[in-house]
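I set out to record a few local features of this model. The entries below follow the order in which I looked them up.

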Amino acid sequence: MTFPSYTVIEQSLKALDITYLSYEHPPLANCDVAKSIGLEREGVGLKNLFLRDNYGKRHFLLITFAQKQLDLKALSKQQGVSRLGFCSTERLAKFLKVKPGCVSALAIGNDVEHQVELWLDKELADCTLWQCHPFENDKTWVLHLDDLHKFWHQTGHQPCWVALPTR
């Protein structure tokens with residue numbers, strides 16, 4: 001499968017008059033890699049989880065703090081969703097059109113059929129600058145939350161702010 005280039009998201013943001021800080025760095029497979037190499041960037045470090053329900057009928061992009069340890073079993077019960085689990089690489093490619101390690105708040109823009117629900121950690125509501133991979137994990141763009149809301153609105157995704165249970 002061919003994945004969209006970061007230039008696609010760059011053009012979308014430009015059309016919305018959204019600016020961002022840009023960083024280039026070694027590829028980051030996950031949040032722990034950024035921490036282990038001592039990578040410093042402005043904004044809040046985020047963990048982006050692509051989840052599905054037990055039946056594979058509902059899909060969720062869940063965004064929280066990089067260091068937060070979630071209790072998915074408790075979250076499933078809290079949200080009335082049958083057993084949340086991680087999506088396969090194939091589902092990630094199909095629904096968000098990114099590779100593993102490249103998921104971010106911007107990837108929801110690739111869900112043109114609106115099959116993915118956007119869940120945001122309520123504790124992130126006061127964080128104004130968010131770190132996002134632009135479809136590639138060797139770049140980080142830092143965007144204002146207000147601009148992300150503008151972007152999500154443009155893509156037709158309404159975020160749901162959720163109190164996330166931890167382990």
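I began with the side chain of Q131, which reaches the backbone oxygen of G43 at 3.2 Å. I also noted a polar contact of 3.2 Å between the side chains of Q131 and R41; a polar contact is a pair of N or O atoms within 3.5 Å, where within protein one must be able to donate a hydrogen and the other to accept it, and residues adjacent in sequence count only if both atoms are side-chain atoms.

The model is predicted: local features need pLDDT of at least 70, side-chain atom pairs count only at pLDDT 80 or more, and totals for chains, interfaces and linings use all residues. Residues are numbered from 1 along each chain as its sequence is written, and side-chain values use heavy atoms, with hydrogens and water left out.

I located Q131 in strand β6 (residues 129-132); strands (E, at least two residues) and helices (H or I, at least four) are DSSP runs numbered from the N terminus. Q131 counts as buried because its relative accessibility is 10%, buried being under 20% relative accessible area, exposed over 50% and partly exposed in between (1.4 Å probe, protein chains only).

I then turned to strand β5 (residues 116-121), where 5 of the 6 residues are buried. β5 pairs in the parallel sense with strand β3 (residues 59-65) over 5 bridges, pairing requiring at least two DSSP bridges between the strands. L118 of β5 is the bridge partner of L61. β5 also pairs in the parallel sense with strand β8 (residues 160-162), over 3 bridges, and I found W119 opposite C160 in β8.

Last, I placed E90 in helix α4 (residues 89-95). E90 is exposed, with a relative accessible area of 60%.
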